[in-house]
Amino acid sequence: MRPIQMVDLKLQYGKIKGEVDAALHEVLDSCAFINGKPVTDFTNHLSAYLDVKHVIPCANGTDALQIAMMALGLEPGDEVITPSFTYVATTEVVALLRLKPVFVEVDTKTFCIDPIAIEKAITPKTKAIVPVHLYGQAAPMEEIMAIAKKHNLFVIEDTAQAIGGCYTFSNGVTKKLGAIGTIGTTSFFPSKNLGCYGDGGAIFTEDDTLAGKLKMIANHGQSRRYYHDVVGCNSRLDTIQAAILDIKLKKLDEYIDARRKAADYYDNAFAGHASVTVPFRAGYSRHVFHQYTLILEGVNRDKLHEFLASKNIPSMIYYPVPAHRQQMFANFGASSYQLPATDWLTERVISLPMHTELDEEQLTYISSSVLEFLNS
Ligand SMILES: *Cc1c(COP(=O)(O)O)cnc(C)c1O
C-alpha cells in the first residue's frame with residue numbers, strides 16, 4: 001500500500017507533470033513573472049467557471065479577505081460578524097483593520113455559521129457578515145443573504161475551503177460559492193481544493209464599482225501609473241502560480257468528484273456507528289470535502305489520533321482552539337464569549353486523510369483502523 005498522507009500533492013502532480021512543466025518553462029522563457037498572460041487567462045477562466053463577473057487575483061487567501069474588507073469602506077470600530085469556529089485568517093484580518101470581530105456560533109450539524117446566532121449578534125454598528133464554507137460545506141446562504149438584506153449588511157464569503165461548491169436556493173437557482181455574497185474570497189494554498197505550488201488567492205464580485213476598488217487596493221491604491229488614490233497594498237498572484245492554476249482549474253470538478261467518492265466510502269464504513277457522526281450533506285449544496293471531519297462521542301480523541309499514527313495514518317484537529325479562545329483577541333473581549341456549540345465541536349472533531357488520490361486499499365485500511373479503535 002502507498003503511504004497515506006493528509007494531502008497527497010506529489011501523486012496529483014505526477015499525473016499532470018507534463019502539462020505543468022511545459023507551462024512553467026513557457027513562463028520562464030517569457031520572463032513575464034508578474035502579470036504575464038497566464039494571469040489574465042486564469043482569471044478569465046475562473047470567472048467563467050464561477051459565473052461571476054469580476055475575479056481579482058491576489059497573493060493569498062488572507063490578503064483576499066483583507067482587501068475585501070478594505071474595499072467596503074468600513075470604519076474602525078465597525079462590527080464584523082464571523083464564526084469563532086474557523087481558521088484564524090478569517091477573524092485576524094478584521095482585527096488587523098481595527099474593525100471589531102464579533103464571534104458567533106456555528107451549527108453543529110453543518111460546522112458553518114448559525115443564522116439565528118447572526119441575528120442575535122447584530123447591533124447598530126454591525127456592517128458585515130463573513131460566512132465561512134468550512135471543510136467544503138456551504139454555509140446557509142439563503143438565510144444569510146436574507147438577514148444581510150434586512151439589516152443592510154455586506155456579506156463576504158470565505159470560500160478558501162470550498163471553491164467549486166455550489167448552493168441551490170429555494171427558487172431553484174444554483175450559484176457557485178463565492179459568487180453569492182457582496183464579495184467572495186478564496187485561497188490557492190497548495191492543500192486547498194484548487195491549490196497552486198506556492199501562495200495565491202482571489203476575490204470575486206458582481207459589482208463593477210467594487211471590482212474597481214478591489215483592483216486598485218490590491219495594487220498600491222493606484223488609479224493610473226504612479227497616481228495613488230487610496231492606501232492599498234501589494235498583493236499579486238504571480239505568473240508561475242497562475243499558469244499552474246489554469247491547468248488545475250480544468251481538473252477541479254474531477255478533483256471534487258474524487259474527494260466526494262472518498263467521502264462516500266468513509267460514510268458507508270462509519271454508517272450507523274454510535275460514537276461517530278459523519279459529515280452532514282446539506283440538501284442545498286454539493287459538499288466539496290476539503291476536509292472529511294467526524295464528530296466523536298465518548299471517544300478518547302487523543303488516543304484515537306495516537307492509535308492511527310501508530311498505524312501510519314495521519315489525522316488532524318481542525319481547529320483545536322476557536323477564535324474566541326485565542327490570545328490574539330484578548331483585547332476584543334474574546335474571553336467573555338459563551339459559545340458552547342463551538343467549544344463542544346472543538347473538543348470532538350477529527351479530520352481523516354482527504355485528497356484526490358486516495359485509493360480503495362487506503363480507504364479500507366483507514367476506516368477499518370478507525371473502527372478497530374472505536375470497537376475496542
Ligand atoms: C486557508 C484559509 C484562509 C487563508 O488562506 P491563505 O492563502 O493561507 O492566506 C482563510 N480562510 C480559511 C477558512 C482558510 O481555510
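A pocket here is an open set of points, on a 1 Å grid over the protein atoms alone, where a 1.4 Å probe fits and protein lies on both sides within 12 Å along at least five of seven lines, and its lining residues have an atom within 4 Å of a point.

The model is a predicted one, in which local features need pLDDT of at least 70 and side-chain atom pairs count only at pLDDT 80 or more, while totals for chains, interfaces and linings use all residues. Residues are numbered from 1 along each chain as its sequence is written, and side-chain values use heavy atoms, with hydrogens and water left out.

About 510 Å³ of space lies in this largest pocket, a volume being the space filled by probe spheres set on grid points that are joined across faces, edges and corners. Of its 29 lining residues, the closest to the centre are Y87, Q161, F189, K192 and Y319.

Which distances do we find for polar contacts, that is, pairs of N or O atoms within 3.5 Å? An oxygen atom of the ligand is 2.5 Å from a side-chain N or O atom of T62, and an oxygen atom of the ligand is 2.7 Å from one in the side chain of K192.

How values were computed. Polar contact = N/O pair within 3.5 Å; in protein donor to acceptor, adjacent residues only side chain to side chain.
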